[in-house]
Every structure is written in structure tokens, then in C-alpha cells.
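The sequence and the structure come first, and the notes follow by topic.

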Amino acid sequence: MSGTLTRKGAATRQRIIEGAAAEIREHGVLATTLDDIRGRTGTSKSQLFHYFPEGKEQLLLAVARHEADQVLADQRPQLGDLTSWPAWSAWRDRVVDRYRRQKLDCPINYLVSELGRSTPGAQAVVVELLRTWQAEIAVGIRHMQSIGEVDPGMDTERAAAALLAGIQGGVVVLMSTGSIAHLEAALDAGIESLRASGRRHAPSDAA
């Protein structure tokens, strides 16, 4: 459908997706109806079903993809350029700043807690998001290994998974308490662990 849309049609479809995302953030998946979304976005029933002929499930999948894209877009370009310790620090600051400003209005919160439970398709979007996010962190770790800043024997996928899990845990605490401290601690500890591995490895290289 989206590949055949005019520019105006694509804008209308995106407006429906963004309006549905906002409605779900405010009221949750179960409480959000297509009528609520139509009212919020100023679209008719025929318009909504033109862009989402399969109804609410298809729209929820589109919202899930939108939210997943937003999670990664919020970390760009720093996430794709983890090539030095200052770059890692810049990514860390970007993540913390974004979540500090978003607080409860956080795409990943709704994606995992609401949309990810709604349909198998949305669950697959969550899995793909986490896979892509972990893979990009792992690319950064491998680069740091290649320039001698991280222990070359480190399991990059495991290290990336641990760092991502720390971020997720920090976000959960943020959602529960409003405190960003746990997210900051998780990122700082994860990055410091990478740096420390390189320092520990350096003497054996020189020996």
C-alpha cells in the first residue's frame, strides 16, 4: 500500500499512525478504538480503512514499526559511530538526554509494554528492534577491539547484550520512579567495563 501512495496519501497515512501512537500512549492499546483514532486525526472511516484495510491489527503493527524506528532514530547519528571513547560518551549522553526529556512519554515503553503484547506481528517488531540495537552496539565494540581499546577476546555479542539489558532495566526504573539515575549508572558501568577490559589487556600485549 505505502509504495503506491501519493505524497499527500503518505502524509495522511503517517498522520494516522502518529495519532494512533499518541492515543495509545495516553490510553493504552485495549482502551483505544478506531473511532478514538479517527477523532484524534480528523479522518473518516473510509479514509482509515483505505490506508489500513485490515483494521486495527494492521494499524497497530504500523504503530509498532513507527515506535521502533523512533527508538533508534533518537540515538542517531551517535549509535552508528561508536569509534572512539568520546564517541561512546556522546552516545551515552544522547541516550540519557533523550530519556530524561521523554520520561514517561517513551516509545520503547509503549512498544514493549503495550504494542508488543497486542499481536504476533508487533512482537516480531520488538524482537527486530532489539536485535538491530544490539547489533549496532556490537559493531561499536568490535571497532574498539580492532584499535586495541577493548580486549580482543571479549565476546562482543554478550557484551552488547549486557549493555542493552542495562539500558532496558534503567528505562524500566525510570518508568516506575521518574529517576534517570539507574539508566545513567547502567550506561556508565557498561562503557567503563569495556574500557577496563582494554586496560587489563594492554600489559600482556607489551610483555
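**Helix packing and selected residues**

Helices H4 and H7 are roughly parallel to each other, because their axes cross at roughly 15° and angles under 35 degrees count as roughly parallel. The model is predicted.

**H4 against H7**

- H4 covers residues 56-73 and H7 covers residues 120-146; their axes come within 9 Å.
- The H4–H7 crossing is right-handed.
- On the H4 side the contact is made by Leu61, Ala64, Arg65, Ala68, Val71 and Leu72, and on the H7 side by Gly121, Ala122, Val125, Leu129, Thr132 and Trp133.
- Sorted by class, this contact of H4 with H7 comprises nine nonpolar, two polar and one charged residues.
- Leu61 sits in helix H4. With residues up to four places away in sequence not counted, Leu61 touches Gly121, Ala122 and Val125.
- The C-alpha atoms of Leu61 and Ala124 are 9.5 Å apart, although 63 residues separate the two along the chain.

**H7 against H8**

- Helix H8 spans residues 156-177, and its axis and that of H7 come within 8 Å, crossing at roughly 125°.
- H7 and H8 are therefore oblique to each other.
- The crossing of H7 and H8 is right-handed.
- From H7, the contact uses Leu130, Trp133, Gln134, Ile137, Ala138, Ile141, Arg142 and Gln145. From H8, the contact uses Thr156, Glu157, Ala159, Ala160, Ala161, Leu163, Leu164, Ile167 and Gln168.
- Eleven nonpolar, four polar and two charged residues make up the contact of H7 with H8.

**H5 against H7**

- The axes of H5 and H7 are 11 Å apart, and the packing angle is about 155°.
- That angle makes H5 roughly antiparallel to H7.
- H5 passes H7 in a left-handed crossing.
- Trp85, Trp88, Trp91 and Tyr99 of H5 meet Trp133, Ile137, Gly140, Ile141 and Met144 of H7.
- The contact of H5 with H7 has eight nonpolar residues, one polar and no charged.
- Trp133 of H7 is listed in the contact with H4, in the contact with H8 and in the contact with H5.

**His66 in H4**

- His66 lies in helix H4.
- His66 counts as buried because its relative accessible area is 18%, and buried means under 20%.
- Setting aside neighbours within four places in sequence, His66 is in contact with Gln14, Ile17, Glu18 and Ala21.

- The peptide bond between Arg76 and Pro77 is cis, with omega at about 0°.
- Pro77 belongs to the loop between H4 and helix H5 (85-102).

**The chain overall**

- Read from the N terminus, the elements run α-α-α-α-α-α-α-α-α.
- The chain has 207 residues, and 42% of them count as buried.
- Among contacts with a separation of 6 or more, 67% are between residues 24 or more positions apart.

Note on methods
Residues numbered from 1 in each chain as written. Predicted model: local features only at pLDDT ≥ 70, side-chain atom pairs only at ≥ 80, totals over all residues. Heavy atoms only, no water. Axes fitted to C-alpha atoms, helices over the stretch in contact; angles between N-to-C directions. Helix = DSSP H or I, 4+ residues; strand = E, 2+ residues; numbered from the N terminus. Parallel < 35°, antiparallel > 145°, perpendicular 65-115°, else oblique. Left-handed = near helix turned anticlockwise from the far one by under 90°. Contact = heavy atoms within 4.5 Å. Nonpolar A, V, L, I, M, F, W, Y, C, P; charged D, E, K, R; others polar. Buried < 20%, exposed > 50% of the residue type's maximum accessible area, 1.4 Å probe, protein only.
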